[in-house]
Amino acid sequence: MATRQATIDHLLDVLSTAGPVRARKMFGEYCLYLADKPVALVCDDQLFIKPTDAGRALLHHADEAPPYPG
């Protein structure tokens, strides 16, 4: 199942308050960039944020999982 364009449009709209955000199609899914730095993947309509210490501190309640098996 591929990510729908509507999902990307919604994420870009919501994340636009964080700064200049854009999406680029990669390997059939999407990579999200903030200020031209990769910060997340969107795979099968799910958002996967780059795992950093600062991100984990903000999202301590979120589950961590890889976007693909293995």
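The model is predicted: local features need pLDDT of at least 70, side-chain atom pairs count only at pLDDT 80 or more, and totals for chains, interfaces and linings use all residues. Residues are numbered from 1 along each chain as its sequence is written, and side-chain values use heavy atoms, with hydrogens and water left out.

**Salt bridges**

- The count comes to four salt bridges, where a salt bridge is a side-chain nitrogen of Lys or Arg within 4 Å of a carboxyl oxygen of Asp or Glu.
- Side chains of opposite charge can pair when their charged atoms come close.
- One of the salt bridges joins the side chains of arginine 4 and aspartate 45, at 2.9 Å from N to O.
- Arginine 4 lies in the segment before α1 and aspartate 45 in the loop between β3 (37–43) and β4, so the pair ties together parts that are 41 residues apart in sequence.
- Helices (H or I, at least four residues) and strands (E, at least two) are DSSP runs, numbered from the N terminus.
- Arginine 4 is exposed, with a relative accessible area of 52%; exposed means over 50%, buried under 20%, and partly exposed in between (1.4 Å probe, protein chains only).
- Another salt bridge joins arginine 22 and aspartate 36, at 3.1 Å from N to O.
- This pair links distant parts of the chain, with arginine 22 in strand β1 (residues 21–26) and aspartate 36 in the loop between β2 (29–34) and β3, 14 residues apart.
- Arginine 22 is partly exposed at 38% relative accessibility, and aspartate 36 is exposed at 57%.
- Glutamate 64 and arginine 56 also form a salt bridge, their closest N and O atoms being 2.7 Å apart.
- Glutamate 64 is exposed at 57% relative accessibility, while arginine 56 is partly exposed at 37%.
- Asp53, Arg56 and Glu64 are linked in a network of salt bridges.

**Other contacts**

- Arginine 22 also lies over the face of tyrosine 33, at 4.4 Å from the ring centre; a charge sits over a ring if NZ of Lys or CZ of Arg is within 6 Å of the ring centre and within 35 degrees of the ring normal.
- Threonine 7 lies in helix α1 (residues 5–15) and is buried, with a relative accessible area of 13%.
- The side chain of threonine 7 makes a polar contact with the side chain of aspartate 45, at 2.6 Å.
- A polar contact is a pair of N or O atoms within 3.5 Å; within protein, one must be able to donate a hydrogen and the other to accept it, and residues adjacent in sequence count only if both atoms are side-chain atoms.

**The loop between β3 and β4**

- Most residues other than glycine have a negative phi.
- Aspartate 44 is in the loop between β3 and β4, and its phi is near 50°, a positive value in a residue other than glycine.
- Aspartate 44 is partly exposed, with a relative accessible area of 34%.
- Aspartate 45 is found in the loop between β3 and β4, and its phi is positive, near 65°.

**Strand residues and distance**

- Isoleucine 49 lies in strand β4 (residues 46–49) and is partly exposed at 47% relative accessibility.
- Proline 38 lies in strand β3 and is partly exposed, with a relative accessible area of 43%.
- The C-alpha atoms of proline 38 and histidine 60 are separated by 21 Å, and the two residues are 22 residues apart along the chain.
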